[in-house]
Amino acid sequence: SGDALKEQWREAVQDLAWRIHPDDLLLIHPYYVANMYAYYAPRVTTDTLPQPQTFPVFAQGDTCGETDPAEIRRCWQRRYEPFFNQAAQGHKRALLLIAPDHARTVDPPKSLAELRAETPAGQPLPTEADRYGWVGLRFQYPQKTWPCGGTGTALIGVEVMCQSFPETFSSQAGLPGTIPQPAIQVDVTFGNELHLRGFSLMPHGGRFQAGGTLPITLYWSATVPPSENYRIFLHLCQDCEQPPVANDDGPPLGGFAPAGLTSTWLPGDPLHDERVVRLPAHLPAGRYMLLLGVYSGDQRLAIVGNAQILSANRLVLGEIEVEAVKR
């Protein structure tokens, strides 16, 4: 990158490993840093992570035969769009691992003056130049997608960005995708406000393993306009009257507006929330119970439905078989 600093690739790939699902679209930009992901992925998790998609259409030094910077960018966009559309087809979430200082050598971002010149009349003028170029632009300014968090500028030289598609991505202009559906359907209501339609468990490599993760997608809708911004917890336990051996806790989609704030949900609108329970490396092999609850402050919401319920406010999703670490 030109900076006399060590870029935090291990930390970025670790962040990816703690959030990615096997059916996610994983993008890496620019293409020539993909070897960093390949090197660190097996060193930060016991899971077999998805293969990434890169964009070789951005080749260093390629100007499309143009000399005007604006024409060069338009040429890159024309080349890039078909690649993205093909890669994203049928996916419901995308994650981007980007090294901005490297990406700008093949996918130059726009200057502040260029951004201001393109701003429609009456709209607020940008105050900062673009950092990411065409690929990062989709994640920096999401359109018809739900933001789902990332590392931001917390790491040196590299970032993770996330966006979720309300419908599976369709590459056909003007044609909608499909509403994602759960593999396991349930009919349970929390606090008479949040309806759990079902869930999908999707282990990496077909198994849950200590030192890896337990990826799960929860499928929700609201029965009435929710009165608060609720948080969701997942507990993994054997003796479920004791503290869980592993857990995940937080609002849907990382709490990012709009979909991450339950108070904005409209009755009947479907929503999917990808979550991950981190499995400690020292977790003994065996069968564990997976529990789900919803709460605000110190108050858990009561559960109504034809399902196995513990203490009136913890839903039993089922038993999970965890394997020991394979060396």
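Biologist: In the open sheet of four strands, what is the order of the strands?

Modeller: This is a predicted model, and in it the open sheet of four strands has the order 1-2-4-3, with mixed pairing.

Biologist: Which strands stand at the edges there, and why is one side of each left without a neighbour?

Modeller: Strand 1, residues 25-29, and strand 3, residues 146-147, stand at the edges, and because each has a single partner strand, one side of each is left without a neighbour in the sheet.

Biologist: How many bridges join strand 1 to strand 2?

Modeller: Five bridges join strand 1 to strand 2, which covers residues 93-98, and the two strands run parallel.

Biologist: What do strands of a sheet pair through, in general?

Modeller: They pair through backbone hydrogen bonds, and the pairing is either parallel or antiparallel.

Biologist: Okay, the other open sheet, the one of five strands: what order does that have?

Modeller: The open sheet of five strands has the order 11-8-6-5-14, with antiparallel pairing. Strand 11 and strand 14, the latter at residues 303-305, stand at its edges with a single partner strand each, so one side of each has no neighbour in the sheet. On average, neighbouring strands of this sheet are turned by 35 degrees against each other, with direction ignored.

Biologist: And over how many bridges do strand 5 and strand 14 pair?

Modeller: Strand 5, residues 184-190, pairs with strand 14 in the antiparallel sense over three bridges, and within that pairing Val188 stands opposite Gly305 in strand 14.

Biologist: What about strand 16, which strands is that joined to?

Modeller: Let me go through some of its pairings. Strand 7, residues 208-209, pairs with strand 16, residues 314-323, in the parallel sense over two bridges, and Gln209 stands opposite Glu323 there. Strand 12, residues 286-296, runs antiparallel to strand 16 and is joined to it by seven bridges, with Val322 in strand 16 as the bridge partner of Gly286. Strand 15, residues 309-310, also runs antiparallel to strand 16, with two bridges joining them, and Ile309 stands opposite Leu315 in strand 16.

Biologist: How many residues lie between strand 15 and strand 16 in their hairpin?

Modeller: There are three residues between them, and Ser311, which is in the turn, has a positive phi of about 55 degrees.

Biologist: Switching to helices: at what angle do helix 1 and helix 2 pack?

Modeller: Helix 1, residues 9-17, and helix 2, residues 34-44, pack at an angle of about 65 degrees, and their axes are 9 Å apart. Their crossing is right-handed.

Biologist: Which residues meet there?

Modeller: From helix 1 you have Trp9, Arg10, Val13, Gln14, Leu16 and Ala17, and these meet Met36, Tyr37, Tyr40, Ala41, Arg43 and Val44 in helix 2. By class, this contact has nine nonpolar, one polar and two charged residues.

Biologist: Last one: how many cavities of 30 Å³ or more does a search of the whole structure find?

Modeller: The search finds one, and the largest cavity has a volume of about 40 Å³. Among the residues that line the largest cavity are His21, Asp23, Lys92 and Tyr219. Strand 6 (194-201) and strand 8 (213-222) are the elements that give two or more residues to the lining, and the largest share, four residues, comes from strand 8.

Terms used
Residues are numbered from 1 along each chain as its sequence is written. This is a predicted model: local features need pLDDT of at least 70, side-chain atom pairs count only at pLDDT 80 or more; totals for chains, interfaces and linings use all residues. Side-chain values use heavy atoms; hydrogens and water are left out. Axes are lines fitted to C-alpha atoms, for helices over the stretch in contact, and angles run from 0 to 180 degrees between N-to-C directions. A crossing is left-handed if the near helix is turned anticlockwise from the far one by less than a right angle, and right-handed if clockwise. Contact means heavy atoms within 4.5 Å. Ala, Val, Leu, Ile, Met, Phe, Trp, Tyr, Cys and Pro count as nonpolar, Asp, Glu, Lys and Arg as charged, and the others, Gly among them, as polar. Two strands pair if DSSP finds at least two bridges between them. On a 1 Å grid over the protein atoms alone, a cavity is a set of points where a 1.4 Å probe fits but cannot get out, and a pocket is an open set with protein on both sides within 12 Å along at least five of seven lines; lining residues have an atom within 4 Å of a point. Grid points are joined across faces, edges and corners, and a volume is the space filled by probe spheres set on the points.
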